[in-house]
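Biologist: Hey, can you walk me through this protein? I'm new to reading models.

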Amino acid sequence: MRLHVATMVIACLAGVGAEGRAAPSEPSLAEPITLTEAIALAFAYAPQVATLDERIEEARGNLVTAETYRFNPELGGEAGRRSGGEDAVIDYAARLGQVLEIGGQRGLRESAARAELQSMQRNVLRAKQELAAAVSVRFIDALEARAAVHVAEANLELARNLVGVSKQRLELGAGTQLDVNVASVELVRSQRQLLLARSAYRARLVSLAEIIGSDVRSRREPAGELPLAGLEPVPPLESLLENIVEHRADLAALEFDQTAAEAQISLARREVIPDLRVEGFIEREDGTDTIIGVGLSLPIPLWNRNQGEIRAAGARQRRVSAEAALRRRAVLSDLVAAYEVYVAARQSYTAMREGVLGKLEQNLELLRKSFEAGKVGWTDVLVLRRSFVDAERELVEAAADAERARVRLELSAGTLPVPLDPEGR
């Protein structure tokens, strides 16, 4: 984040003495990393991503099972030696049978498995969006902490110069020892604030490295500045609500869950229809007669009419429908809340950037001119210095809040992009 006219004001307020040397900077960190690269690393590293992809493979396997005909042909035979007469004879028989589903069960089984695969694909997409959002938030946190370090460094630089100026004024008889004491206390406080800011930044870098699977000791520095996405026009809430089912992968998954549940209850009812067994056979008896024929068998659904599975499938369908309705309401509520938070955060950042800082720059210029003319004392200088630092910190916080709110809104709306694997998943 750009630190405005601090250096210019410092130079105008004082000559640079021993206390005016710039604070030493932190040693350079590892190669910077962009947000896109951070998300890609997280997807390559995170064990849950591989787990999610394997769930899709499981669902694909279930679809292959459903598409494959369940019953293989059965080949059987028997042979026996008949004795009791003058000559022994051999009787034998061979049979080839096949079970046929005659109630359309296979098509319903395929429909349910295909819907379950599509549901799993969208649930996995949603889980990946949530991971991308988590990485984005940690990336923004790191940028915020780094900007806070810059503010603390500028604060320390200004405090050092104020100590030097106060001593010079004391030597010239234009200042007091109290001015020097106050400036020295502010210098110590500024040093402490910088140490805390750097410590917080290192902690944020470790947190970012942890989620992307990087070596926590390398502490790769985030590239870019806040705000990352700029100030694009806010889409109307009505359009987000209208497209929520299309964009939210978890809502689309619920639609497919309902489709699968409906296919499963239809399948449970169709399975009452018994499977037909067709059998061809050839038999040779008493060494003379050969019998070739066809046999049919059909179980009679007298006791087992699939009552339990039909009842369970019906309950499953009603449960999925109720869960979908509850989820839709929760998603809509979350989207509205995220939208309101984002609008407020964006307005807050805009006001800080365009209003407060613009007025503060004018005040700093007036302070310089007034100080040169001897019209203001060090109390005014210290008060306005703190105002400058506080305003810079609040601007950093406002920018980070706006970015985090944007990520939350994109996640709530289902529009947060995620990297695709080589197969486009």
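Biologist: At roughly what angle do the axes of α3 and α4 cross?

Modeller: The axes of α3 (residues 47-67) and α4 (residues 105-172) cross at roughly 170° and come within 8 Å. Axes are lines fitted to C-alpha atoms, for helices over the stretch in contact, with angles from 0 to 180 degrees between N-to-C directions.

Biologist: Who decides what's a helix or a strand?

Modeller: Both are DSSP runs, numbered from the N terminus: helices are H or I with at least four residues, strands are E with at least two.

Biologist: OK, new topic. In what order do the strands sit in the sheet?

Modeller: Four strands form an open sheet, ordered β1-β2-β3-β4, with antiparallel pairing. Two strands pair if DSSP finds at least two bridges between them. β1 (74-82) and β4 (289-297) stand at the edges with a single partner strand each, so one side of each has no neighbour in the sheet. From one strand to the next, the twist averages 15°.

Biologist: How many bridges pair β1 and β2?

Modeller: Nine, in the antiparallel sense. There, G77 has A94 in β2 as its bridge partner. β2 and β3 (residues 276-285) also pair over nine bridges, and A93 has E283 in β3 as its bridge partner. Over in β4, I292 stands opposite I282.

Biologist: And where is confidence lowest, and where highest?

Modeller: This is a predicted model, where local features need pLDDT of at least 70 and side-chain atom pairs 80 or more, while totals for chains, interfaces and linings use all residues. Residues are numbered from 1 along each chain as its sequence is written, and side-chain values use heavy atoms, leaving out hydrogens and water. pLDDT is the predictor's confidence in each residue, from 0 to 100. Confidence is lowest in helix α1 (residues 6-13), at a mean of 34, and highest in helix α8 (residues 249-270), at 92.
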